[in-house]
Amino acid sequence: MENRLKWLSRSMREPEEKTMNRKKKTIRSAGGQRRWRRTIEEVVVGNHLRATDLCEGKRRSYIDNGMLPTGGGETYWNNWVPIKLNIFIWRLRLNSLPTRANLSYRGILLDSILCPVCSAMIESIDHLFFGYSELIDLWNRVALWWGVHVPQHLSIDSLLFWSNSFSWRSGQRKVFDAVIMTTLWCIWNFRNSILFGTELPMKSIIFDEMVKNSYFWVVNRCSKANIGWTNWLHNLVSACKLL
Ligand SMILES: [Zn+2]
C-alpha cells in the first residue's frame, strides 16, 4: 500500500516537474550552487523577447514598463501617519484599490458592481470617496473643523493637495494632510465593514474614527505635537500653529 502511494505521488508530480524543466534554466552561482532562474520569456508574457536580445538594464526597464503600473504626479508620503496609510493612498492614486468597478474591469465576476453603501451607483473610486451626499457632508464637516472651504472640484488629488492652497506653516499643513489621509482611510474601512463586517456601522462613525485615529497617529509620531485632546477637538488650527 505504501509503495502504491509513493508511486501515485511520484506520477502526480512528474508532469509538473517536466513543465518546470521546460520553463526554467539552471544556472550556477559563484559558489557552484545550483539554482533556478526564470527566463525572460516567462516574465514578458505574450512577447517573443529573448534573454540575449537586450542588456540587463534594458531588460529591467522593459519588464517594469510592461508590468508595473505607472502613477503620474509627485509621490505622496506623510510620516505622521502609519506606513499602511501611505501605501493605501499610493494605491488609491493609482486607482488600484479593489472597488467593485475595478474588480469587474479586471475580469472578476461579481454579483453586483453597485456601491454597497447606497446601491444606486457603480462603486468607482470617485463615487466611493465623495460621490454621495453623506460624504459631501463629511468633507464639509472636515472643512468646518479646520475653518476652510471644500475644494470646488472634488477629486482624490484635490483633497490630498488641498492644503497647498493655504498659507500655513509646514507642520500645520502636514497635520491637515494627515487628517485628509485618515478620512479617506476611514471611508474605506467603513465600506469594508458594510461588505465584510458582522453588523452595519453608522455613517457618523467615519468622522469620529477619523478624529480619534488622526489624533493618536500625529501625537505619537510628531515629537513637537504637544496637543491636548480638547485642543485637538476645538482649537486645532491654533494648536498646530506652533508646529
Ligand atoms: Zn454609493
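Let's start with residues 34–52, where pLDDT stays under 50. For that stretch the model, which is a predicted one, has 27 contacts beyond four places in sequence. Residues 1–30 also stay under 50 in pLDDT, and they come with 14 such contacts.

Now please find helix α10, residues 205–221.

Which residues of α10 are buried? They are Ile206, Met210, Val211, Asn213, Ser214, Tyr215, Trp217 and Val218. When you read a list like that, keep one thing in mind: an α-helix has 3.6 residues a turn, so residues three or four places apart point the same way. As for partners, the buried residues of α10 pack against α7 (133–146), α9 (170–196) and α11 (229–234).

Let's stay with α9 and turn to another helix that packs with it, α4, residues 83–93. To describe two packed helices, we give the angle between their axes and the distance between the axes. Here the angle is about 80° and the axes are 10 Å apart. That angle makes α4 roughly perpendicular to α9.

So who meets whom? From α4 we have Leu85, Phe88, Ile89 and Leu92, and from α9 we have Met181, Thr182, Leu184, Trp185 and Trp188. And what kinds of residues make up this contact? Eight are nonpolar, one is polar and none is charged.

How values were computed:
Residues numbered from 1 in each chain as written. Predicted model: local features only at pLDDT ≥ 70, side-chain atom pairs only at ≥ 80, totals over all residues. pLDDT = per-residue confidence, 0-100. Contact = placed C-beta atoms within 7 Å. Helix = DSSP H or I, 4+ residues; strand = E, 2+ residues; numbered from the N terminus. Expected span 1.5 Å × (residues − 1). Buried ≥ 20, exposed ≤ 12 C-beta atoms within 10 Å, placed from the backbone. Axes fitted to C-alpha atoms, helices over the stretch in contact; angles between N-to-C directions. Parallel < 35°, antiparallel > 145°, perpendicular 65-115°, else oblique. Nonpolar A, V, L, I, M, F, W, Y, C, P; charged D, E, K, R; others polar.
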